[in-house]
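Please look over the sequence and the model before reading on.

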Amino acid sequence: MMWEILNGIGTIAFALSGVLVAMEERYDLMGVYILGFITAFGGGAVRNLLIGVPVSELWDQGTLFTVAFLVMTVAFIFPRIVRWTLLRRGVFFDAIGLGAFSVQGALYAHSMGHPLSACIAAAALTGTGGGMIRDVLAGRKPLFLQKEIYIAWTLIPGLVVGLGWMTGVFELLMIVALVVSLRLCSVYYGWKLPNRTV
């Protein structure tokens, strides 16, 4: 049940994120669908490759494909529904997708008995993979390479879930909320990781 909840939240959020980016780039309807589907399902496909799950399992999510399609269609027809976020480049929906999918990725790897390192990698790839592919296709600098902290927040679910510290339903939802909040705060306040130049 928790797996399905996180999958649904992440899929809807990332589909909307893809729609917003596509509309900002003035893509047509087909471009909106392509970018939305890639954003919503790209991270899971990359994760499956990493942890040895057949990529073909992606096609078993028929209901989620339908949900994503309907959400993208409504967002395209009524764009004001998603513009209320007032955040550039769909950061709001991207943050929700990052939180939900990073927890889902860590939970998936942990349930398969993989070590902590795999849980951390699965959290990072599931949380950022779809957005990374979206930004590359849209000709944008990927969000995880932006100045504000992005991919580093996926370490939280990777560690906490990978170590088995928090695996209950409400605990996982709290982790999702934490990652979303931290990501939005990093954008709003301009939090950055240290960097060096040679």
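What follows describes a helix, a threonine and a pair of helices.

This is a predicted model, in which local features need pLDDT of at least 70 and side-chain atom pairs count only at pLDDT 80 or more, while totals for chains, interfaces and linings use all residues. Residues are numbered from 1 along each chain as its sequence is written, and side-chain values use heavy atoms, with hydrogens and water left out.

The helices named here are DSSP runs of H or I with at least four residues, numbered from the N terminus.

| Helix | Residues |
|---|---|
| Helix 1 | residues 2–24 |
| Helix 5 | residues 91–111 |
| Helix 7 | residues 155–162 |
| Helix 8 | residues 169–189 |

Just after helix 5, glycine 113 takes a positive phi of about 80°.

Threonine 11, in helix 1, is buried, with a relative accessible area of 1%. Leaving aside residues up to four places away in sequence, threonine 11 touches Ala40, Phe41, Leu64, Ala68 and Phe101, a contact meaning heavy atoms within 4.5 Å.

Helix 7 and helix 8 pack at an angle of about 160°, with their axes 10 Å apart, the axes being lines fitted to C-alpha atoms over the stretch in contact and the angles running from 0 to 180 degrees between N-to-C directions. Helix 7 is therefore roughly antiparallel to helix 8, a term for angles over 145 degrees. Among the residues making the contact are Ile156 and Pro157 of helix 7 and Leu172 and Ile175 of helix 8.

Key:
Helices (H or I, at least four residues) and strands (E, at least two) are DSSP runs, numbered from the N terminus. The expected span of a helix is 1.5 Å times one less than its number of residues. Buried means under 20% relative accessible area, exposed over 50%, partly exposed in between (1.4 Å probe, protein chains only). Angles under 35 degrees count as roughly parallel, over 145 as roughly antiparallel, 65 to 115 as roughly perpendicular and the rest as oblique.
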